[in-house]
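Try each one yourself before you read its solution.

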Amino acid sequence: MAKICTMFSGSSGNCTYISSGDDAVLVDAGVSSKQIISALNDRNFDLGKLKGIFITHSHSDHISGLRVLLGKLKLPVFASKETLGHLLLNGVINDNTPYYDIEDNPAFDSNIDVKFFRTSHDCEGSGGYVFT
């Protein structure tokens, strides 16, 4: 059974939890790592099920907690090449972080299928995801 929980949404930060069976992902990390981990724990979501973080675009309300969260959870990051470029340039991710251009259809070891689509927004590489 799939679960979707929008934990944070709006201009002050975005983060969504999606799970299916024993696998789960996060979409965006736009609030502090502490807030994200607290929200996951408050909902009794198993952090060990997390397989990756999918970033929609590079605005701060979608990435502000990402760097610290990755230090705690050691998850791969999936995003468009433009968004990954922004994350690398600004030190949010580095060569110690596994990261993947979602449009290259990277292998994703999960029972959750992910499809990326481009969106029109005021930054390069903006996109959305379809999870099945």
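**Exercise 1.** Work out whether Asp-46 is buried, partly exposed or exposed.

*Solution.* Start with the relative accessible area of Asp-46, which is 42%. Buried means under 20%, exposed over 50%, and partly exposed in between (1.4 Å probe, protein chains only). So Asp-46 is partly exposed.

Before going on: this is a predicted model, where local features need pLDDT of at least 70 and side-chain atom pairs count only at pLDDT 80 or more, while totals for chains, interfaces and linings use all residues. Residues are numbered from 1 along each chain as its sequence is written, and side-chain values use heavy atoms, with hydrogens and water left out.

**Exercise 2.** Place Asp-46 in the chain and find what its side chain reaches.

*Solution.* First, look in the loop between α1 (33-42) and β4 (50-54): Asp-46 is there. (Helices, H or I, at least four residues, and strands, E, at least two, are DSSP runs numbered from the N terminus.) Next, follow the side chain of Asp-46 to the backbone nitrogen of Gly-48, at 2.8 Å. Last, check Ser-19: it's 27 residues from Asp-46 in sequence, and 10.0 Å away in space, C-alpha to C-alpha.

**Exercise 3.** Which residues of helix α4 (residues 81-89) are buried, and how are they arranged?

*Solution.* Pick out Thr-83, Leu-84 and Leu-87, the buried ones. Looking down the axis of α4, they fall within an arc of 100° (taken from the directions from the helix axis to the C-beta atoms), so they line one face of the helix. Now turn to the face away from that buried side: Lys-81 and Leu-89 are exposed there. Finally, step just past α4, where Gly-91 has a positive phi of about 75°.

Methods. Polar contact = N/O pair within 3.5 Å; in protein donor to acceptor, adjacent residues only side chain to side chain.
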